[in-house]
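Hi there,

Have a look at the structure first, and my notes follow below.

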Amino acid sequence: MNTRTLYEITVKGVQIMELLSFSTGYDVSNRNQIIFDWNGKHANEFLDSNQQFRRNIIKFVIENEQVFFPVELYRDLFLEEAKWSVQAWSVGFDFHKLGEKLIRYGKDKFLNDFLIGAFSSFDTYCSSRMMNLKRFEIEAVLEELKKRINDPDCKDFIDKYDSGIELFEGYLKGTQREGLFQLTGDVKVSKLKL
């Protein structure tokens, strides 16, 4: 083994330990390390100083399904990526996977947060239509949304509840992905017709 390879393994090992420590020990006091910290500019001048670390954490929590991560981490990653999406005019590739985890592990507790993130932009909405949820999860969300939409204490969220019902009913019908295509950097697009 040459020195460079040993160095790379050491660096990767340190990074994995940092990601593991941050992710498993996460609480809201650590949020400042993953918040959307935007410089207020767009296009080539767009800068979010926490983007790379946040994306590393996202990749880590998605790839390590067997490890327990606090649901607040999923919530905060989902909401901060939604804020990023609004200003970046796109959405992170794994945004829908964070949504899945927020629905799956957050249950009713973070449903409002899910709706805020999912309906932050057209891109977050479209990505939220790509989630892979179990029927019982969809039915539980729909039941909760229908209960909340009739609760006078929840009147500020009625529009979001209504949109959420439409989204999750699409899941029940199996139509949530109609008209959606997920493009990666490897896809060349040409000769588009509207």
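A word on burial before anything else: buried means under 20% relative accessible area, exposed means over 50%, and partly exposed lies in between, with a 1.4 Å probe and protein chains only. This is a predicted model, in which local features need pLDDT of at least 70 and side-chain atom pairs count only at pLDDT 80 or more, while totals for chains, interfaces and linings use all residues. Residues are numbered from 1 along each chain as its sequence is written, and side-chain values use heavy atoms, with hydrogens and water left out.

**The chain as a whole**

The protein chain has eight helices and zero strands, so its elements read α-α-α-α-α-α-α-α from the N terminus on. Here helices (H or I, at least four residues) and strands (E, at least two) are DSSP runs, numbered from the N terminus. Of the 194 residues in the protein chain, 40% are buried. The chain exposes about 12000 Å², and carbon and sulfur atoms supply 53% of that area (Shrake-Rupley method, 1.4 Å probe; for residues, only the protein chains shown count as cover). With contact taken as heavy atoms within 4.5 Å, 68% of the contacts between residues at least 6 apart in sequence join residues at least 24 apart.

**Helix packing**

Two packed helices are described by the angle between their axes and the distance between the axes. The axes are lines fitted to C-alpha atoms, for helices over the stretch in contact, and angles run from 0 to 180 degrees between N-to-C directions. Angles under 35 degrees count as roughly parallel, over 145 as roughly antiparallel, 65 to 115 as roughly perpendicular and the rest as oblique.

Let me start with helix 7 (residues 135-149) and helix 8 (residues 158-173). Their axes come within 9 Å and cross at roughly 155 degrees, which means that helix 7 is roughly antiparallel to helix 8. The crossing is left-handed (the near helix is turned anticlockwise from the far one by less than a right angle; clockwise would be right-handed). Among the residues that make the contact are Ile138, Leu142 and Leu145 of helix 7 and Ile165, Phe168 and Leu172 of helix 8. By class, this contact has 11 nonpolar, one polar and six charged residues. For these classes, Ala, Val, Leu, Ile, Met, Phe, Trp, Tyr, Cys and Pro count as nonpolar, Asp, Glu, Lys and Arg as charged, and the others, Gly among them, as polar.

Helix 4 (residues 95-106) and helix 5 (residues 111-118) pack at about 165 degrees with their axes 10 Å apart, and are therefore roughly antiparallel. Their crossing is left-handed. Phe95, Gly99, Leu102 and Ile103 of helix 4 meet Leu111, Phe114 and Gly117 of helix 5; the set divides into five nonpolar, two polar and no charged residues.

Helix 5 also packs against helix 8, at an angle of about 80 degrees and with the axes 10 Å apart, so the two are roughly perpendicular. In this contact Asn112, Phe114, Leu115 and Ile116 of helix 5 face Lys160, Tyr161, Gly164, Leu167 and Phe168 of helix 8.

**Buried side chains**

Which residues does Arg148 touch, leaving out those up to four places away in sequence? They are Asp108, Leu111, Asn112, Cys154 and Tyr161. Arg148 counts as buried because its relative accessibility is 13%, and its C-alpha atom is separated by 7.4 Å from that of Tyr161, 13 residues apart along the chain.

Arg75, in helix 3 (residues 71-88), is buried as well, with a relative accessible area of 15%. Beyond its sequence neighbours up to four places away, Arg75 touches Val28, Leu102, Phe110 and Asp113.

Ser85 is also found in helix 3 and counts as buried at 1% relative accessibility. Leaving aside neighbours within four places in sequence, Ser85 is in contact with Ser90, Val91, Ser121, Asp123 and Thr124.

**Two loop residues**

Most residues other than glycine have a negative phi. Ala43, though not a glycine, has a positive phi of about 55 degrees; its place is in the loop between helix 1 (3-24) and helix 2 (51-63), and at 64% relative accessibility it counts as exposed. Trp89 has a positive phi of about 60 degrees, sits in the loop between helix 3 and helix 4, and is exposed at 58% relative accessibility.

Best wishes
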